[in-house]
Amino acid sequence: MEVGGLTDLVIRKIPFEFDATVPFLWQPANPSFAAFCNTFTFIAVPFERYIIGALRKAKDRLAERPAIAEEAEAFLRQEAQHASAHRKHMLALIERYPALEQCYDEANRAYDELIAAHPVEYHAAYVANLEATFTPLFKVILDNREALFGGGDSRVGSLMMWHFVEEIEHRSSGLLLYQHLVGNPWYRVRHVRQTFNHVGSVTAKITAAFDEHVPLEDRGGVSVQEALASIRMSEFKFRGPGGRRRRERAGSPTTLFQPVPTRQLATMVWRLLLSQAPHHDPANQPLPEWATAWMQEYERGTDMTKFTGVQAN
C-alpha cells in the first residue's frame, strides 16, 4: 500500500510558559477533560522522547531515501517542540505536587525498557498504531473546542489546541516511516494489542498517581482513573433517555465527552477501530476544518499561547 503523499510540515516554535499558578483543575467546567489533558501532558513528554530515541536507531535506514529522511526530520522536530512545551506544563504541576515526579520517572523507564526489548520494526509499528488514533480523537475535540475548552485556563487550553492541530498536520508521518522501515501492513496489525496494552499500562500508573497525590478538591471531585475510563464505552451509558439520572445516581460529575453529540462520539469510536486496519491511510481521514483556521491565525502572528480560554490574572 502506498500511503498518501509526504506531508509538508511546519516547525512552529511557540513560547509557552507555565508556573506553579497553573491549576490541576484548569477547566473547572469539565474536571474529566482537565484530567484527560493533564494525563496527556505526562504521557506526551516520555512518548515524544521515545519516538526520537526509536527513530534514531533507524537513522541510516531512513537516510536511504532523501524524501523519507526529510519527513523523519520534520516529524521529529515537531515532536521535540511538543515535548519541550509539555515538559514546562508537567514541571509546573510537579512544583505544586512534587510526588508526581515519580510517575514521570516511571513512564520514562517504561519507554526505555520498550526500546531495549524490541527491534526498530516494532517501534515503527508502535508509533504508527498510536499516531493513527490521533486524527479521529482530536477531530472530535477540535470540532467541539468551544464546549470543551471554553472558560478554561488559556495556557493549558492553548497548549493542547496547538499540539492537537499539529498531530492532525503530521497524521501520515508515522505510517510513512513505518512503510519505509517495514512495509508489511500485517506486521503492524499483529502488534496493535501490545501497543495499546503498553500505553494503557503507562496511563494507569499516571492516573493512579494523580488520584493518590493530588487532593480530591483540586481534581474537581473526580477520580482521574474513572474519568479516563469514560473514553471507552462507559461514556455511552450516560446518554439517551434517563442518562442524566443515571449519572446523578452514579455520583458522576460531567463526563469527559459529555458536550460531544452522541453521533459524533460514535463516529469517533468507529474511526478509532478503523485506524488499526491493515490498509488504513491517515491521509484520507475526515479532518477538523478549524485546524486550518488555527494555522492561518498562527501565520498572521496571533499570540497562540493565549489563543483560547481565560487568561490567568
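The axes of helix 5 and helix 7 come within 9 Å of each other and cross at roughly 130 degrees. That angle makes helix 5 oblique to helix 7; angles under 35 degrees count as roughly parallel, over 145 as roughly antiparallel, 65 to 115 as roughly perpendicular, and the rest as oblique. The axes are lines fitted to C-alpha atoms, for helices over the stretch in contact, and the angles run from 0 to 180 degrees between N-to-C directions. Helices are DSSP runs of H or I with at least four residues, numbered from the N terminus.

Before I go on, the basis. This is a predicted model, in which local features need pLDDT of at least 70 and side-chain atom pairs count only at pLDDT 80 or more, while totals for chains, interfaces and linings use all residues. Residues are numbered from 1 along each chain as its sequence is written, and side-chain values use heavy atoms, with hydrogens and water left out.

Back to helix 5 and helix 7. Their crossing is left-handed, meaning that the near helix is turned anticlockwise from the far one by less than a right angle; clockwise would be right-handed. From helix 5, the residues E131, F134, T135, F138, K139, I141 and L142 meet M161, F164, V165, E167 and I168 of helix 7, where contact means heavy atoms within 4.5 Å. By type, the residues of this contact are 8 nonpolar, 1 polar and 3 charged. Here Ala, Val, Leu, Ile, Met, Phe, Trp, Tyr, Cys and Pro are nonpolar, Asp, Glu, Lys and Arg are charged, and the others, Gly among them, are polar.

Helix 5, residues 120–143, also packs with helix 1, residues 31–56. The angle for this pair is about 150 degrees and the axes are 12 Å apart. Helix 1 and helix 5 are therefore roughly antiparallel. Helix 1 passes helix 5 in a left-handed crossing. On the helix 1 side the contact has F33, F36, F40, F47, Y50, I51 and A54, and on the helix 5 side H123, Y126, V127, L130, E131, L137, F138 and I141. Those residues divide into 13 nonpolar, 1 polar and 1 charged.

Now the salt bridges. The structure holds 10 of them, each defined as a side-chain nitrogen of Lys or Arg within 4 Å of a carboxyl oxygen of Asp or Glu.

In one, the side chains of R12 and E166 meet at 2.9 Å, N to O. R12 lies in the segment before helix 1 and E166 in helix 7, residues 154–169, so the pair ties together parts that are 154 residues apart in sequence. How accessible is R12? R12 is buried, at 2% relative accessible area, and E166 is buried too, at 0%. Buried means under 20%, exposed over 50% and partly exposed in between, with a 1.4 Å probe and protein chains only. R12 and E166 are also linked with E169 in a network of salt bridges.

Another salt bridge joins the side chains of K88 and E17, at 3.7 Å, N to O. K88 lies in helix 3, residues 66–96, and E17 in the segment before helix 1, so this pair ties together parts 71 residues apart in sequence. K88 is partly exposed at 31%, and E17 is exposed at 55%.

The last one I will show is D143 with K139, at 2.8 Å, N to O. These two are 4 residues apart in helix 5, about one helical turn. D143 is partly exposed at 32%, as is K139 at 23%.
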